[in-house]
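Thanks for making the time this morning. I would like to walk you through a few local features of one structure, so let me put the sequence and the model on the screen.

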Amino acid sequence: MRTGFPDFRLGSVLATSFTGTLSERYGNAVERIPTPHRLVDWLAVNGLAVDSCTTAQLELARELRESIHAAATAAAIQDTLPASAVRVINDRSAQGRAAAILTPEGKRRWQLSSASRVEDALGVIAADAISIIAGERDGKLALCASPSCQAAFFDTSQSRTRKWCDMNTCGNRQKKARFNANQRRRSAE
């Protein structure tokens, strides 16, 4: 793993984890895949190892990321899916060559083509996005309650009332801000 870059925010849902490679979209945005090599790192961490990545492939990945974010956000607020986002997601899904493999533990794993290409990995991410946006999986798309984040995430909690994309970052920050505001209010009384 290359050093000098922000840590990845990894979740249990591939597509929304991928959108998390750009965090704090409405604050001081943090780009977590600023270089082609960093995208290779992210894909490897998520079981989609590829041989290499070009600048053009990184741009394809970012276009997919933003399209998933736009479509997931629209789905979370029950709005019409943006046609351009749907087109990009579908194009990336159709261009990828990957196979779903059943592991001995009974889990699904993706196997990329023998000449592992970024496009194949993007196809897997796009297919994952399709399954959550189409409502095929048990869970609910929601938006992070942090005003600076508002990331789309897939809520699989039993009550489906999760507020934060990540409790360790956004949730903690909001709780800390609320605590500090209460402390200031109490000291002013």
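I begin with Cys-149, which counts as buried because its relative accessible area is 1%, under the 20% limit for that class. Please keep in mind throughout that what you are looking at is a predicted model. Cys-53 is buried as well, here with a relative accessible area of 13%. And how many disulfides does the count come to? The count comes to zero disulfides.

Let me turn to the aromatic rings. In general, one describes a pair of aromatic rings by the distance of the centres and the angle of the planes. In this model the count comes to one aromatic pair. That pair is formed by Phe-18 and Trp-42, with 5.1 Å from centre to centre and 55° between the planes, and the arrangement is tilted.

My last stop is Ala-100, which belongs to strand β3, spanning residues 98–102. If we set aside the neighbours within four places in sequence, Ala-100 is in contact with Arg-108, Arg-109 and Trp-110. For Trp-110, the separation from Ala-100 is 10 residues along the sequence, while their C-alpha atoms are 4.8 Å apart in space.

Conventions:
Residues are numbered from 1 along each chain as its sequence is written. This is a predicted model: local features need pLDDT of at least 70, side-chain atom pairs count only at pLDDT 80 or more; totals for chains, interfaces and linings use all residues. Side-chain values use heavy atoms; hydrogens and water are left out. Rings of Phe, Tyr and Trp (its six-membered ring) pair if their centres lie within 6.5 Å; planes under 30 degrees apart count as stacked, over 60 as edge-to-face and the rest as tilted. A disulfide is a pair of cysteine sulfur atoms within 2.5 Å. Buried means under 20% relative accessible area, exposed over 50%, partly exposed in between (1.4 Å probe, protein chains only). Helices (H or I, at least four residues) and strands (E, at least two) are DSSP runs, numbered from the N terminus. Contact means heavy atoms within 4.5 Å.
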